[in-house]
Structures are given as C-alpha cells and as structure tokens.
Amino acid sequence: MGEEGQRRLNAASVLIAGCGALGSNSAEILARAGIGRILLIDSDVVELTNLQRQGLMDAADVGRPKADVVAEALRQINPEIRIAAEVVRIAAGNIERLITDIDLVLDGFDNLESRYLLNDACVKSAIPWIFATVAGTFGMTMPILPGEGPCLRCLFPEPAPEEAVLTAGTSGLINTIPRAIVALQATQAMKIILRSFAPPVRLTTYDIWQESFSAQKIPRNPGCLCCGT
Ligand SMILES: [Zn+2]
C-alpha cells in the first residue's frame, strides 16, 4: 500500500455497525491495518454461545456489552489509533449522528431492518458502506457506493419478512464463514479508502461448505425507491 496508502488508512474514520460475528472480526482487521479512527456500535451483551464465532471475546466477557469488549481489545492491539464505542441500537433517531464524520461503514448487523436504515441514511449522506451477511455455511457481501453503483434496495427492493430470513439464531452458523466474508469485506474497505475500487460493483456470494463462490455484477435500478431517478 506504500507510505501514501498507509497515510490514507490512518486518516480514515470507519463505523463498525454491529460487533457480532462479522463486526468483531472486521474491527480486528481494520485496527491491525492502521485505520485511524474506529467507532463501534452494538446494543447486545456477550453470550456464551457467541464465543463459537466471534473474535476478540472470551468466556470472561460473558454479560458485558460487545461494543465495549471489542473496543478494549482493539486498544490493546493498536494503541496509536482512536477507538470509540457506543452501546446503542441503530434507529431513525440516531443514525444521522452516528454516521457524522464517518468515511465508510462496515455492516455487521444481524437484521435487515437495521441494514435498510443504514442504506437509506448512507445513500442520503453519500457515505459508502459495505453490506455483508452470513447464515449457516453461506455468506454474501457487496460494496455500496452512493451515486456510483447499486444500493441495497436496488438489489433487494423490500426487506424480506424476518421469519423468511436465515440468521445465526435460526440456522446455526459455521464459524469459518464470518471470517471468510469479513476478509472480502475488509479488503473492499481498504480498496475504497485507498481509492482503488473500480466498478462494476459485484455481489460476492460464498458457500464455504459447498465450495461454491460467485461474483455477480449488479446494476443500479433506475426505479429504486432509495437511489433511483
Ligand atoms: Zn438503489
């Protein structure tokens, strides 16, 4: 990445939206890469069953807020960067404040409602964000660059009913897929910060058990309710 690239990483402010299986692992990668400012948000506390898949947490952390636990670990990993944590659930009333002065958001949510809220706020404020989700042995990720590529609503116009969506809670989760998807997501994050990202935007899907990988070009939807004309 060179000296100039490292300087850009150090000048970047990134929001990790959710500190579960995705966010705990992406936060570690970005702190080690030298992202200069990381804001962590999550409303949950660590549960014993989370330890199977989450990074930076151990049995002694059960019952503590995930955002605080991840923040403490990141400060140990890289004391030279700025880390902040908020134990908060994203909502229409706080989203705009949370993305103020943020250059890029990494999706670490476990529900669609929060992702659509994030999508609409980021598109409105022209802040790039990187969608990611995992369930079972499968995961997917796609960077969203407002004005340059499709948004989440171009891909999935309406949130699917919550009961139709696989989550770690309903389907279980092999503990290797979050790390595989986070590796792709964090790489896209660094490319966006280094201005090395070039269209077309692709939706990457990976089933780590079936060994099936695809990267499909996704066009903007001119009729999109969020980013269309
Ligand atoms: Zn759109």
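This is a predicted model: local features need pLDDT of at least 70, side-chain atom pairs count only at pLDDT 80 or more; totals for chains, interfaces and linings use all residues.
The crossing in which H2 passes H8 is right-handed.

## Residues at the helix contact

On the H2 side, the residues that meet H8 are Asn 25, Ser 26, Ile 29, Leu 30 and Ala 33. Their counterparts in H8 are Pro 178, Arg 179, Val 182, Gln 185, Ala 186, Ala 189 and Met 190. Sorted by class, this contact of H2 with H8 has 8 nonpolar residues, along with 3 polar and 1 charged.

## The second largest pocket

Helix H8 also takes part in a pocket: together with helix H1 (2-11), H8 is among the elements that each supply at least two residues of the lining of the second largest pocket. The volume of this pocket is about 170 Å³.

The lining consists of Arg 7, Arg 8, Ala 11, Ala 12, Asp 103, Pro 128, Ile 192, Ile 193 and Arg 195. H1 provides the largest share of the lining, with 3 residues. By class, the lining of the second largest pocket divides into 5 nonpolar and 4 charged residues, with no polar ones.

Definitions and conventions
Residues are numbered from 1 along each chain as its sequence is written. Side-chain values use heavy atoms; hydrogens and water are left out. A crossing is left-handed if the near helix is turned anticlockwise from the far one by less than a right angle, and right-handed if clockwise. Helices (H or I, at least four residues) and strands (E, at least two) are DSSP runs, numbered from the N terminus. Contact means heavy atoms within 4.5 Å. Ala, Val, Leu, Ile, Met, Phe, Trp, Tyr, Cys and Pro count as nonpolar, Asp, Glu, Lys and Arg as charged, and the others, Gly among them, as polar. On a 1 Å grid over the protein atoms alone, a cavity is a set of points where a 1.4 Å probe fits but cannot get out, and a pocket is an open set with protein on both sides within 12 Å along at least five of seven lines; lining residues have an atom within 4 Å of a point. Grid points are joined across faces, edges and corners, and a volume is the space filled by probe spheres set on the points.
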